[in-house]
Every structure is written in structure tokens, then in C-alpha cells.
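I opened the model to look up surface patches and charged pairs. My notes follow.

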Amino acid sequence: IVLTDNIERIEVVRGGGSALYGSDAVGGVINIITKKGTGQTKTVITSGFGNYNTKRYVFHNQGVDGTTRWFIAAAQESTDGQRVNSAYKGQDISLRLDKEFGNNESLTFSYNVYDSHAGIPGSVLYPSSSDYGDILRRTWGVSYSQQRDTGERAIRFYENSYIYAGENWGSFRNQNTVRGLEYQDSAKV
């Protein structure tokens, strides 16, 4: 589920970007920047419905209290699918907290959890009535940044955890956890 309500902008960097985005950015980067809370406290709830018992519910709340900003978004989506064993159910929750200090310094905490269960119907010639895939993804990070006349200094710790498991002509399970610490110091030339 993509929570478009909490996306400020998307940056696409072609080619190696390891100097700015870490060692995994060898072939390019798609960097999704989430929104900070702005203005008065605001809550929006939307829902949508469609064919095959498709339902989508979205909630977001944002605001500012002094030097603290927040943006919380959540979505739940489900469908029976158009084929046998093509049902899907997923939920996504995203939180971003920003604390601004004097001297152009800020501290940011972000957390995201995504959980889904989807049937895998197989091909038309070889349909499956019981195969499925489950995804559980958790990401969080804490970053400190300081804007200066000559550039920016930032330090960030993050953890991305991902589990993909299920049944597709046999059981499968893929689990991956990445933890990282980044330091960046840029200067205008």
C-alpha cells in the first residue's frame, strides 16, 4: 500500500549514489521523502469501495505544537480478487515526528509498519487454490541534522526488517534485516 497522503516528494537518482545514500545505492536510488506536519492540527478520513468487494480506508493526522511536528498516516485495504485465490488484505501505518531546536538543528523519528496477506492464484493453466504470500515489513529511523551557512551536517541510525513467507508450490521464507549508521557533512563549494 502506498500512502500517497504522507509523501512530500520522490527523488530518483540514476547511477551510483553511495556517497549520499550508503553502500546499497550502487545502481541508483529512489528516495521517498515523507511530509512533516504543518499548520493547525488536521485529521482526514477517507474510504473507497469497488468491484470484487474491494475496500480501502485511509486516516491521517498532522499538526504542529510549538517546535514539535507530527504526521501520522494509516491505511487498510482488502479485496476478494477477480480470480479464485486472489484475495488480498493489507495495512500500513506510518509515523513521523520532528523536533526543531535553535541554531537550525532538528531531530526526526520515523516508523513504518506494513503487513499483508495475499493469495497466489497461479497461472490460468495451473491454478492454485491454496498458495499465498505474507509480507511483514518494519522500518524505523532516528536522524539529527544541522543546517549551516556552508552546508548541512546529518547523522542517522535506521533499521529495516523484512519477512516474506508463504506457500507457492512449496513453502518459502525470506527474512532480511539491515541496520545502518550514516554520517554526512556537506559544504557549498
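I looked for a nonpolar surface patch and found one of about 370 Å², made by Leu97, Phe101, Leu107, Phe109 and Val142. Patches are made of residues with over 30% relative accessible area and no salt bridge, with nonpolar side chains (Val, Leu, Ile, Met, Phe, Trp, Tyr) joined within 5 Å and like charges within 9 Å. Accessible areas come from the Shrake-Rupley method with a 1.4 Å probe, and for residues only the protein chains shown count as cover.

This is a predicted model: local features need pLDDT of at least 70, side-chain atom pairs count only at pLDDT 80 or more, and totals for chains, interfaces and linings use all residues. Residues are numbered from 1 along each chain as its sequence is written, and side-chain values use heavy atoms, with hydrogens and water left out.

β6 (88-101) and β7 (105-119) each give at least two of its residues. Leu97 sits in β6 and is partly exposed at 36% relative accessible area (buried is under 20%, exposed over 50%, partly exposed in between).

Next I looked up salt bridges (a side-chain nitrogen of Lys or Arg within 4 Å of a carboxyl oxygen of Asp or Glu). The structure holds 7.

Arg56 and Glu77 form one, at 3.1 Å, N to O. Arg56 is in β4 and Glu77 in β5, so the pair ties together parts 21 residues apart in sequence.

Glu159 and Arg179 form another, at 2.6 Å. Glu159 counts as buried at 19%, whereas Arg179 is exposed at 58%.

How values were computed. Helix = DSSP H or I, 4+ residues; strand = E, 2+ residues; numbered from the N terminus. Buried < 20%, exposed > 50% of the residue type's maximum accessible area, 1.4 Å probe, protein only.
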